[in-house]
Amino acid sequence: MGAALSCMALPALGSIGTWIASCFSAAACSLACKSCNCNNSVATRIGYAIIFLLNSIIAWLMLSDWVIKQIQKLSLDYLQFDCSEGSCHGTIAVHRVCFALVLFHAFLGLLLLGVQDSRQSRAALQNGWWGPKILCWILILVASFFIPNGFFLVWGNYFALIGAAIFILFGLVLLVDFAHSWTERCLENWENSDSNKWKYILIAGTLIMYALSITLTGVMYGYFATNGCSLNQFFVTFNLILGILITLVCILPSVQEANSRSGLSQASIVVIYCTYLVLSAVANEPNDKECNPLRKSHGPQTTTIVLGAVFTFLAVAYSTSRAATQGGALVNKTQQNHQPIELAPAAHMSNQYNTGVVSRSSERDHIAAAVESGALPRSALYSNNDDDEDVLDDKDDERYGAVYNYSFFHFVFAIAAMYVAMLLTNWNTIISEEVPNPDQDKSDLIRIGQSYTAVWVKIVSGWICYGIYSWTLMAPVLMPDRFLDDY
């Protein structure tokens with residue numbers, strides 16, 4: 001595995017690559033998973049998140065012109081990263097690295113189709129075999145650098161673009177869902193407790209988010225939307241208008257009647273997020289009209305890049321985590337809605353077990369049905385094991401049902417890798433900069449997100465977020481029959 005890493009790294013980093021590879025061996029991965037004081041489903045998600053983080057860092061390093069030249073030297077000039085528009089400055093290399101991760105998760109997603117619990121043999125591909133999986137990822141990563149450039153020009157302009165758009169929409173839906181679930185959780189905790197702690201948490205959170213939104217809006221007006229910056233003035237003003245509108249809509253009597261839990265808390269989360277998107281857009285805008293003071297010096301740019309990367313990885317981690325726990329959320333919701341215990345089905349099953357009428361597969365189905373109806377506790381799923389199962393892993397929380405859909409989990413990671421590729425390449429916007437001395441190596445990285453394409457992606461994402469949240473407010477009003485069970 002160290003040899004595979006040395007194909008991508010510099011010769012001076014060979015020893016480091018070997019050390020990193022040894023950390024990802026099968027024994028090391030197994031030890032790490034066992035040392036994690038968490039369930040298998042959580043440890044698995046952490047493992048894939050680490051792989052995603054490492055892949056994103058490698059892709060980010062591909063933006064360095066110095067790294068690109070070193071790769072060309074190591075390949076004896078076989079690998080060239082030029083395109084018709086001029087030097088791509090690692091744009092194609094970024095797509096290669098992210099494509100490797102997309103292919104990695106696509107293979108796993110296809111292999112795990114139909115897996116419903118950890119007892120199935122294919123489930124080991126998801127929760128184990130970390131050494132071979134990481135080796136396959138590295139091999140795919142190395143092999144991607146030998147694919148012709150023409151493939152990645154098509155991949156980046158079409159496939160990765162569509163996948164990134166799907167990921168953005170998915171993230172916006174999850175954000176709106178988080179706004180509603182956070183408020184409902186606070187209200188439930190307040191109703192079920194004797195203190196007003198959760199009430200004050202909800203009120204304080206709402207006030208802080210609105211205060212931050214107003215502050216950020218003032219900062220944008222003062223520094224990014226000055227005289228002559230009509231486009232930025234439009235962005236900031238339109239976002240302010242939309243924020244005021246949804247704030248008024250969420251407290252309308254008709255909306256409150258259809259959903260009594262709707263209020264300013266959810267709206268504040270949406271407003272602060274959309275305001276942040278506008279700030280991120282104008283802060284990464286090209287300075288061709290002298291409307292971006294952050295572009296006048298290189299110091300703040302480094303801070304912007306670091307903060308942008310942090311927010312990006314946090315957003316990706318949250319989105320994938322939410323996607324992975326959708327099944328678990330449904331189970332919890334079912335458990336909270338307690339139904340009257342029906343003793344007849346349980347007694348009927350007990351008689352069948354005693355007479356030996358029911359097979360092992362149907363026995364498990366009856367137990368699951370009884371748990372769903374409330375006749376038996378969920379622990380009953382773990383108490384009836386096969387005769388040959390002497391020792392059970394107490395960390396295995398997916399033995400009788402996966403917490404999340406494995407294939408969908410890998411689909412989310414795949415489109416997230418496409419999104420990172422588009423983000424790092426400024427949505428396929430190639431910026432050529434004149435080099436005073438072409439023979440001198442450059443170590444500077446291309447500025448992330450500095451293109452009007454990237455700016456408009458963020459602005460439109462904010463508008464779509466407002467639209468999705470508005471629909472969640474108005475849908476129960478317009479179609480009350482379809483939301484009777486929810487509110």
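Trainee: Among contacts in the protein chain between residues at least 6 apart in sequence, what share join residues at least 24 apart?

Mentor: It's 75% of those contacts. Keep in mind that this is a predicted model.

Trainee: Noted. How many helices and strands does the protein chain have?

Mentor: There are 20 helices and 2 strands in the protein chain.

Trainee: And how much of the chain is buried?

Mentor: 43% of the 487 residues count as buried.

Trainee: OK, on to the inside. How many residues are in the largest nonpolar core?

Mentor: That core has 71 residues, and Met62, Val94 and Tyr469 have the most contacts inside it.

Trainee: Which helix gives the most to it?

Mentor: Helix 19, residues 406-424, which puts in 14 residues. There's also a second, separate core of 12 residues, with Ala225, Val282, Ala283 and Ile459 among them.

Trainee: Back to helix 19, then. I clicked on Ser407, which sits in that helix. Is Ser407 buried or exposed?

Mentor: Buried: its relative accessibility is 14%, and the cut-off for buried is under 20%.

Trainee: What does Ser407 touch?

Mentor: Leaving out residues up to four places away in sequence, Ser407 touches Gly109, Leu112 and Leu113.

Trainee: Switching topic: at what angle do helix 6 and helix 9 pack?

Mentor: About 70 degrees, and their axes are 10 Å apart. Helix 6 covers residues 91-111 and helix 9 covers residues 149-191. The two helices are therefore roughly perpendicular to each other, since 65 to 115 degrees counts as that.

Trainee: Which residues meet there?

Mentor: From helix 6 you have Ile92, His95, Arg96, Phe99 and Val102. Facing them from helix 9 are Asn149, Phe151, Phe152, Leu153, Trp155, Gly156 and Ala160.

Trainee: How do the residues of that contact divide into nonpolar, polar and charged?

Mentor: The contact of helix 6 with helix 9 has 8 nonpolar, 3 polar and 1 charged.

How values were computed. Residues numbered from 1 in each chain as written. Predicted model: local features only at pLDDT ≥ 70, side-chain atom pairs only at ≥ 80, totals over all residues. Heavy atoms only, no water. Core = buried A, V, L, I, M, F, W, Y, C linked by side-chain atoms within 4.5 Å. Buried < 20%, exposed > 50% of the residue type's maximum accessible area, 1.4 Å probe, protein only. Helix = DSSP H or I, 4+ residues; strand = E, 2+ residues; numbered from the N terminus. Axes fitted to C-alpha atoms, helices over the stretch in contact; angles between N-to-C directions. Parallel < 35°, antiparallel > 145°, perpendicular 65-115°, else oblique. Contact = heavy atoms within 4.5 Å. Nonpolar A, V, L, I, M, F, W, Y, C, P; charged D, E, K, R; others polar.
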